[in-house]
Amino acid sequence: MFDKVLIANRGEIALRIHRACKEMGLSTVAVHSTADRDAMHVRLADESVCIGPPSASESYLKFAAIMAAAEITGAQAIHPGYGFLSENARFVDVVAAHGITFIGPTADHIRLMGDKIAAKAAVKDVGIPVVPGSDGGVATAEEAVKLGNEIGYPALVKAASGGGGRGMKVAKNAEEMAKAFNTARTEAKAAFGDDAVYIEKYLGKPRHIEIQVIADSHGNVVHLGERDCSLQRRHQKVFEEAPSPVITEAIRSEIGEVVVKAIKRLGYLGVGTIEFLYEDGEFYFIEMNTRLQVEHPVTEQITRIDLVKEQIRIAQGEPLSFKQEDVPFIGHAIECRINAEHPETFAPSPGTIEDFHAPGGLGVRLDSAAYAGYKIPPYYDSLIGKLIVHGVTREECLLRLRRALGEMVVSGVETTLPLHQRLVDAADVNSGEYDIHWLERFLANSES
Ligand code: ADP
């Protein structure tokens with residue numbers, strides 16, 4: 001058991017974790033760089049420790065600084081949030097070596113899922129459907145061309161250590177394959193220090209559907225349904241919803257059962273997300289995220305389960321407080337990621353927020369660490385906040401979202417609010433007919 005949690009993150013997710021801790025009677029320690037001195041998570045935490053200069057590698061990613069902060073404050077557990085050290089297996093080992101609890105999965109599971117080639121083989125082995133492609137890594141351009149010819153074009157070369165869509169190249173035919181293979185390898189080496197790549201069939205019009213799972217240390221595993229995150233720009237999610245407009249109750253139960261069985265066999269612990277591409281009624285695994293996701297609130301809104309509190313309970317050795325049949329799926333939820341970016345060029349727009357007005361009312365949640373006068377530093381991601389809206393039906397949810405977006409005010413910096421206003425009015429978004437390429441097409445069409 002522990003009663004003091006160090007939050008090794010910043011921004012809205014640090015605040016999200018702080019809130020869960022307070023409601024559980026736990027005290028919190030914020031860590032921050034010198035650029036985040038005035039951040040909301042620092043102001044609200046019970047204690048705070050400055051861990052270094054603005055550069056993330058010198059602060060939020062620095063093991064020694066974070067461990068020293070835990071030692072001097074007597075924190076007995078560390079919550080990593082998402083990003084930063086959340087999927088760093090070495091950090092998990094270091095935390096354990098200090099006798100501190102890491103609120104998350106085991107280092108072994110993080111390591112396994114961090115290597116996409118190994119992850120794909122492991123999940124296939126426990127019954128999860130995967131994208132047809134190479135059996136493991138591909139070492140030469142000749143082998144890549146041979147495989148491309150076998151599985152058919154277009155084919156995709158992907159980095160084993162990939163993330164954020166980097167190290168991924170499409171080949172439309174055999175001529176393009178050798179080049180795609182070499183470029184993907186070079187990019188992967190530069191970005192991740194690992195040039196291992198593998199090949200997959202390129203799916204033309206899939207949706208991105210991910211299943212949230214949660215597992216305790218007593219062998220209980222439950223799935224919390226799906227999130228549809230198909231609206232993406234450059235492989236980055238922009239707008240997410242649950243349930244997916246194309247997943248029926250029967251499909252949800254079926255894929256949910258497959259995933260729960262697989263996760264049990266893997267002996268996984270904590271919350272995790274199995275990401276799939278979904279095309280023509282088939283699911284194809286792409287990766288597993290071994291952490292809390294940015295878009296976790298849409299699942300919380302429809303299941304009424306607080307995922308951060310559950311993470312903490314699991315880390316304290318408690319069994320899940322619910323069974324699969326207790327999980328309700330109530331109504332519909334949508335999340336919009338509101339970034340400090342130009343709504344058309346997507347150029348980052350750091351600076352001082354002048355006016356800030358949060359929308360409110362029934363079914364409206366804003367997860368944000370921003371406030372009027374807050375200076376958005378240029379060193380980190382550009383997320384200002386996540387607007388999450390719940391409605392009894394999808395239709396009500398969209399009407400409420402339009403209303404809430406209209407109330408929200410963020411001035412002084414450019415934001416993606418106008419993009420979300422256009423999305424909520426788009427016919428295909430209203431009918432739910434979109435795939436992972438829809439948003440890029442929508443943006444390209446509005447340019448011309
Ligand atoms: P990353 O870890 O870089 O985010 P993912 O494997 O999760 O990589 O893929 C990111 C995105 O790339 C997916 O959401 C999807 O848009 C696209 N993608 C990945 N694999 C395929 C595929 N086989 N066919 C088509 N698109 C794909």
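Contact here means heavy atoms within 4.5 Å, and helices (H or I, at least four residues) and strands (E, at least two) are DSSP runs, numbered from the N terminus. With that in hand, the buried residues of helix 4 are covered by elements that include helix 3 (63–73), strand 4, strand 5 (101–102) and helix 5 (107–114). This is a predicted model, in which local features need pLDDT of at least 70 and side-chain atom pairs count only at pLDDT 80 or more, while totals for chains, interfaces and linings use all residues. Residues are numbered from 1 along each chain as its sequence is written, and side-chain values use heavy atoms, with hydrogens and water left out.

- Five strands form an open sheet in the order 3-2-1-4-5, with parallel pairing; two strands pair if DSSP finds at least two bridges between them.
- Strand 3 (47–52) and strand 5 are the edge strands, each pairing on one side only.
- Strand 1 (residues 4–7) is covered on both faces: K4 and L6 on one side and V5 and I7 on the other are all buried, where buried means under 20% relative accessible area, exposed over 50%, and partly exposed in between (1.4 Å probe, protein chains only).
- In a regular strand the side chains alternate between the two faces of the sheet.
- Strand 1 pairs with strand 2 (residues 27–33) in the parallel sense over four bridges, and I7 has A30 of strand 2 as its bridge partner.
- Between these two strands the chain passes through helix 1 (residues 11–23), and this β-α-β crossover is right-handed; that is, with the strands pointing away from the viewer, the path from the first strand over the helix to the second runs clockwise.
- Strand 1 also pairs with strand 4 (residues 77–79), in the parallel sense over three bridges, and there A77 is the bridge partner of V5.
- Strand 2 and strand 3 are joined in the parallel sense by five bridges, with G52 of strand 3 as the bridge partner of S33.

**Helix 4 and its two sides**

- A89, F91, V92 and V95 are buried in helix 4 (residues 89–97).
- Seen down the helix axis, the buried residues of helix 4 fall within an arc of 155°, so they line one face of the helix; the arc is that of the directions from the helix axis to the C-beta atoms.
- R90 and A97 are exposed, on the face of helix 4 turned away from its buried side.

**Two residues to look up in strands**

- V221, in strand 10 (residues 221–233), counts as buried because its relative accessibility is 10%.
- V221 and K264 are 43 residues apart in sequence and 6.4 Å apart in space, C-alpha to C-alpha.
- Apart from neighbours within four places in sequence, V221 is in contact with residues including I214, V260 and Q324.
- E279 sits in strand 12 (residues 270–279).
- With neighbours within four places in sequence set aside, E279 is in contact with L203, G204, K205, P206 and Y284.

**Backbone details**

- The peptide bond from Y153 to P154 is cis, with omega near -5°, and P154 lies in the loop between helix 7 (141–151) and strand 6 (155–159).
- The A242 to P243 peptide bond is cis, with omega near -5°; P243 is in the loop between strand 11 (236–242) and helix 9 (249–266).
- F84 is not a glycine, yet has a positive phi of about 35°, and its place is the loop between strand 4 and helix 4.
- F346, also not a glycine, has a positive phi of about 65° and counts as buried at 12% relative accessibility.
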